[in-house]
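Please look at the sequence and the 3D structure shown here before reading the report.

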2 protein chains.
Amino acid sequence: MVTVTFLPLNKVVKVPSGDTIFQAAVAAGVPIQSACGGKGTCGKCKVQIPVGKLVPEPTDGKGFLNEAERAAGWVLACMYTLSEDLTVRLGEQNDAFDRKLSMDNIKGFRIEPSIHKVQVLLEQPSVTDQTPDWERLLAALPNLEIPFNRRVAANLPKTLRQANFRVTVVRDGNDLLAVEPGDTEGRQCGLAIDIGTTTVVVYIMDLTDGSVISSGATTNPQHVFGADVISRISYAASGPDQVSQLQAKVIDAINGIIANLCAKTGVSHQEIYQTTVVGNTTMSHLFLGIDPTYLAPAPFIPVFRQTIEVTAKELGLNILETGKVIVLPNIAGYVGSDTVGVMLAAGVDRLAGISLAIDIGTNGEMVLASEDRILTCSTAAGPAFEGAEIKCGMRAAEGAIEGVRIGENVELDVIADTKPRGICGSGLIDAIAAMRKIGVIEATGRLVNKPAQLEKLPSAVRERLRRNETVSEFVLVWGKDSATGEDIVLTQKDIRELQLAKGAIRAGISILLLEMGIDEQAIDRILLAGAFGNYIKKESALAIGLLPPVLLERIETIGNAAGDGAKMALLSVAERARARVLSYRAEHVELSTRKDFQKVFISALLLQ
Amino acid sequence: MVTVTFLPLNKVVKVPSGDTIFQAAVAAGVPIQSACGGKGTCGKCKVQIPVGKLVPEPTDGKGFLNEAERAAGWVLACMYTLSEDLTVRLGEQNDAFDRKLSMDNIKGFRIEPSIHKVQVLLEQPSVTDQTPDWERLLAALPNLEIPFNRRVAANLPKTLRQANFRVTVVRDGNDLLAVEPGDTEGRQCGLAIDIGTTTVVVYIMDLTDGSVISSGATTNPQHVFGADVISRISYAASGPDQVSQLQAKVIDAINGIIANLCAKTGVSHQEIYQTTVVGNTTMSHLFLGIDPTYLAPAPFIPVFRQTIEVTAKELGLNILETGKVIVLPNIAGYVGSDTVGVMLAAGVDRLAGISLAIDIGTNGEMVLASEDRILTCSTAAGPAFEGAEIKCGMRAAEGAIEGVRIGENVELDVIADTKPRGICGSGLIDAIAAMRKIGVIEATGRLVNKPAQLEKLPSAVRERLRRNETVSEFVLVWGKDSATGEDIVLTQKDIRELQLAKGAIRAGISILLLEMGIDEQAIDRILLAGAFGNYIKKESALAIGLLPPVLLERIETIGNAAGDGAKMALLSVAERARARVLSYRAEHVELSTRKDFQKVFISALLLQ
């Protein structure tokens, strides 16, 4: 047996020699990311071991670890076999979508950031040329109207003289951000940040080639004030300092990620010249320290809608202090810059025909675009899709049922291939689609009960249906097969929760179609964004009627499109301008004012 | 006897009943301002007594105390007769020049600040009008391109709703500074600040009528790092945090004055919407936290020259945090925005003929203006004019000899009419002029020694001349008549110091005349600015050749013109624009590059 200590949790576990770190982590119950369940194919389970410990030949043919990471002791937990006691530092929680932004996928994308660096050699001053340092510098940058920047000027004299008047000027458009000694033209970094209600993701980007240098994610620490935006707004409204407190939480979290990323990659905070940010409207308000109180009650009024630029110093974000933080525009109280990011990355304004883009989380935001109009709306989808409010629900983590097939009996796909612990959102949809198909549920969502219905079911399925005066549920996993020893069930109430959530999304889609005056058959493509969109089984989403009936091949998943939008806006002034145009072109449809919403919603509840 | 306690020093003194507070202050040795020596004619000795104490009928016919001050217990110390024990709070050190800026004196001056307030009533939002609060507000301010202001937006929603959408918008040009509930159009304040190397003066101004609401002054606390700008620059250059330290000192001092002024006048910090600042180039750099290191060595390079605008928040100045702090432009390393202020207030660009404006302190700055050209230069006048480096020198305070007449004997004017303690700069000039006239000094500055010279002197004067191998001096006051019991003398070295100082000024003037190609007779007026210019006897300044020989009536004193310039720039955008123009029109003559300077300087040393 060997002893493994997991930092920073300080959790200790004994496992047989020959086990992997991944298996030890699972045994210890410490959180470790994995999408492939320990097969070495997803690269998510990075952990750090003391430098100098024997590192096995990298078997990650996909190159999940770069040279610098290996040198710093990073290994894939599932590829490292334990032969002695070991201390392991867990990696921060990595987002599932930190894939490289593939510029090739996005037509017409050109890297043209607003950050420019240029090396200049200035004439030295003399008694016959007493031009002040600032003017001397500006004379080397003709045809630009550069405003004075006190912070840059403060240390300019020493920088110029120590570098013998050969310096590199960093500017953001017409703003002068920094003057660096010597020639530093080659190094230019920026951050793209996606502030979710649940998770904050930070990408550190190379502005010269558009690549993701590294990325990190963490739970949004505002969650201690409530899981959803309404709770956060209530908290913000409860006192004079609460907005600042919420703001500080998220900024601290981002600074923590930045510190880790800088330490890991060798990028200096001073070389990060710009940050773009997307988030829902509430997150954007809180990030900027702006009171979100009146987003919560009708008529749901935000304070601002446009692109906001502030300096990093003003917000306390740990990048170059003069660097700009650019929060992409939002559209309405519940359609935020994350949706604008989705629109950018999905290119809804450039696609022929009719596109429907959907980003489902606690809220569902929808965009319906023709070549003439772009409509948006949002619905409170409820937390069912995130596994909350569901009796055996859980987030999409190890042990979550993510796929369900029902034939003669129930077959499951479980994340990380372990004993199941519960069911996540995509599993829920899959389960209900399968139950509906085999006849365990009626179109109304009711678990079947009539003898004629029951006798059609295979016996192994039928005996999983428990229905009496106090209980009405379907057993997905018997206790003997579950990780907890308890049955994993779907209750009648769980099914109702899912129906409400999917009904809200589907009703939103229907209202957008009505507003545009077209029907479902006119939809040329459905683009599913975000974590949920990535995991969901398209067939099941169609089967339960979450999505309108279109051909399967017209449904595409587009990954973390909100984050991709932030990256695009960072890398291209043209994309940033496009974000502005999109935010103003988009027409927001306020569902609460539609007299026909209730009728549409009720018919959208049906599982068909 | 009555007991008087002076706050904040907590100094206690017993004096006879019937004495004035002023006499008690002198007896206690506490610092109290006075120019008239207790005659009730200068208004400088304001002190505060407990409200409710009997206040004598105001005998200050000149209206030194306004209604509000009287109500708050302010009295003139020299007009208040003590009849019982009393606690007295000393006023802060008031500047000698806090007179009302008399707009009538300045031709063409119109009050047109960049601060504008307008009351608006907004439409309330609804589900059919979900316009964000910021856009709703801007819609009420048409034809303005107002950039987003995060700090104003942060609390906008509550302000709007608590005020039922009736608010007053405060803007500075196109910048939105504040949104105040209700109608506050009547109240608008600003600050004009004059940062001297020795003294910092703050004027709180009413932007609606241009009046000085109140003013305060304090010693520039940077003096602990040296009395002159060169010492401050050396200190700033000595380490990485020193500039910030110097900046913090002066900002703390200003904040202290602001706090006092606000407490005294009832003006809130939040109602002070803008600040203009003048100072020499070093003071401007330090105030902004900008490294002044390379101002000290040749070629004397400043970092900036133009008008600088930063927010109060950025500098930590305690006015409305979004308010702008506007530092007027400087001209060169040793011709600062204080000189631009002098040019503004003196109107050198608007006067017919040839004007010479001089501001003498530790440095002397000179402006020579024709209708076509404006020339400036500065010389290190040395501290002689401030009484430093002079054996019995002192600042112009109580006990300082400020006037000297010599006939059969020596007659003196002493500030506050007490026994003399020393001699101040204006007294020094007066003394040397008188000594030269009666023949105690030769034109070269040498104290006379030859029998033929000595026998022409009245005996009471002759016996004051002490000349032997170790001593060469003139006794102004015998020990029996002085406050200290020691003789008050002028030494040969003192005379040399004065000659160096006056020679530098006069040489600067001569070089400017040469540069403009005119001679002394062409000068239509000489304008003397600043404290020294106010106190100096014009006849004596002419007599010793500090000023070129012009008719006496062509010499005018113009008070604290630098501070007046700051006030004008605060009160009028046109004046601010004029300051910019003046700073660029002014041609700086660098004396150190003039080959003819040494020759001119040597001939300027002569006392004639």
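This is a predicted model: local features need pLDDT of at least 70, side-chain atom pairs count only at pLDDT 80 or more; totals for chains, interfaces and linings use all residues.

Residues are numbered from 1 along each chain as its sequence is written, and chains are lettered from A and ligands numbered from 1 in the order in which they are written.

**A helix in chain B**

Helices (H or I, at least four residues) and strands (E, at least two) are DSSP runs, numbered from the N terminus. Helix H7 of chain B, residues 242-265, has 24 residues. From its first C-alpha to its last H7(B) reaches 35 Å, close to the 34 Å expected at 1.5 Å a residue; the expected span is 1.5 Å times one less than the number of residues. A residue is buried if 20 or more other C-beta atoms lie within 10 Å of its own, exposed if 12 or fewer, and partly exposed in between, with C-beta atoms placed from the backbone. The buried residues of H7(B) include Val243(B), Leu246(B), Val250(B) and Ile254(B). Among the elements that cover them are strand S9 (189-195), helix H6 (229-237) and helix H8 (281-287) of chain B. After H7(B) comes Gly266(B), with a positive phi near 80°.

**The contact between the chains**

Two residues are in contact if their C-beta atoms, placed from the backbone, lie within 7 Å. Chain A and chain B each give 39 residues to their contact. On the side of chain B, helix H3 (133-139), helix H4 (150-154), helix H5 (156-162) and strand S13 (308-311) each supply at least two residues.

**Backbone angles**

Most residues other than glycine have a negative phi, and most peptide bonds are trans. The table lists exceptions.

| Site | Feature | Angle |
|---|---|---|
| Ala298(A) to Pro299(A) | cis peptide bond | omega near 5° |
| Ala298(B) to Pro299(B) | cis peptide bond | omega about 10° |
| Asn143(A) | positive phi | phi near 65° |
| Asn164(B) | positive phi | phi about 55° |

Pro299(A) lies in the loop between helix H8 (281-287) and strand S13 (308-311) of chain A, and Pro299(B) in the loop between H8 and S13 of chain B. Asn143(A) sits in the loop between helix H3 (133-139) and helix H4 (150-154) of chain A. Is Asn143(A) buried or exposed? Asn143(A) counts as exposed because it has 4 C-beta neighbours inside 10 Å. Asn164(B), in the loop between H5 and strand S7 (166-172) of chain B, has 12 such neighbours and therefore also counts as exposed.

**Two packed helices in chain A**

Helix H10 (residues 337-346) and helix H18 (residues 573-585) of chain A pack at an angle of about 115°, with their axes 10 Å apart. Axes are lines fitted to C-alpha atoms, for helices over the stretch in contact, and angles run from 0 to 180 degrees between N-to-C directions. Residues making this contact include Val340(A) and Met343(A) of H10(A) and Ala579(A) and Leu582(A) of H18(A).

**A sheet in chain B**

Three strands of chain B form an open antiparallel sheet in the order S21-S22-S23; strands pair if DSSP finds at least two bridges between them. Strand S21 (465-467) and strand S23 (488-491) each have a single partner strand, so one side of each lacks a neighbour in the sheet. The twist averages 30° from one strand to the next. Strand S22 (residues 472-477) of chain B is joined to S23(B) by 4 bridges, and Val475(B) has Val489(B) as its bridge partner. Helix H14 (residues 492-516) of chain B packs on the sheet and touches S22 and S23.
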